[in-house]
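Hi everyone, thanks for making time this morning. I'd like to walk you through one model, so let's bring it up on the screen.

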Amino acid sequence: MIHGMHLLSSVLGKPALYLDPGSGSFILQVLLAALLGGGFAIKAYWKNIKKIFVKSSPEESDEEEETDEDSK
């Protein structure tokens, strides 16, 4: 296996990897945007997510529908 990796690396050559100082801040920015975007999506769809995990009686769901219609 080691010989195969050595052969493959000799055929492909050395990879040209370069990270300048701006790359680190870009990666940090992407991670923060993903976390904040995920948090916002969870907040926006929290009622739908909660419905998946919580069983409710038919009476409660009727009350929720009436409340949703009143808020519109």
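The mean pLDDT of the protein chain is 76, and 53% of its residues reach 70 or more. Among the elements, helix α2 has the highest mean pLDDT, at 92, while helix α4, residues 58-71, has the lowest, at 60. Where pLDDT is low, the predicted coordinates should not be read in detail.

What share of the residues counts as buried? Of the 72 residues in the protein chain, it's 1%. The accessible surface comes to about 7300 Å², and carbon and sulfur atoms account for 66% of that.

Finally, the spot I promised. Phe26, Ile27, Val30 and Leu31 make a nonpolar surface patch of about 390 Å². Phe26 sits in helix α2, which covers residues 21-44. Is Phe26 buried or exposed? Phe26 counts as exposed because its relative accessible area is 52%, and the cut-off is over 50%.

Terms used. Residues are numbered from 1 along each chain as its sequence is written. This is a predicted model: local features need pLDDT of at least 70, side-chain atom pairs count only at pLDDT 80 or more; totals for chains, interfaces and linings use all residues. Side-chain values use heavy atoms; hydrogens and water are left out. Buried means under 20% relative accessible area, exposed over 50%, partly exposed in between (1.4 Å probe, protein chains only). Accessible areas come from the Shrake-Rupley method with a 1.4 Å probe; for residues, only the protein chains shown count as cover. Patches are made of residues with over 30% relative accessible area and no salt bridge: like charges are joined within 9 Å, nonpolar side chains (Val, Leu, Ile, Met, Phe, Trp, Tyr) within 5 Å. A salt bridge is a side-chain nitrogen of Lys or Arg within 4 Å of a carboxyl oxygen of Asp or Glu. Helices (H or I, at least four residues) and strands (E, at least two) are DSSP runs, numbered from the N terminus. pLDDT is the predictor's confidence in each residue, from 0 to 100.
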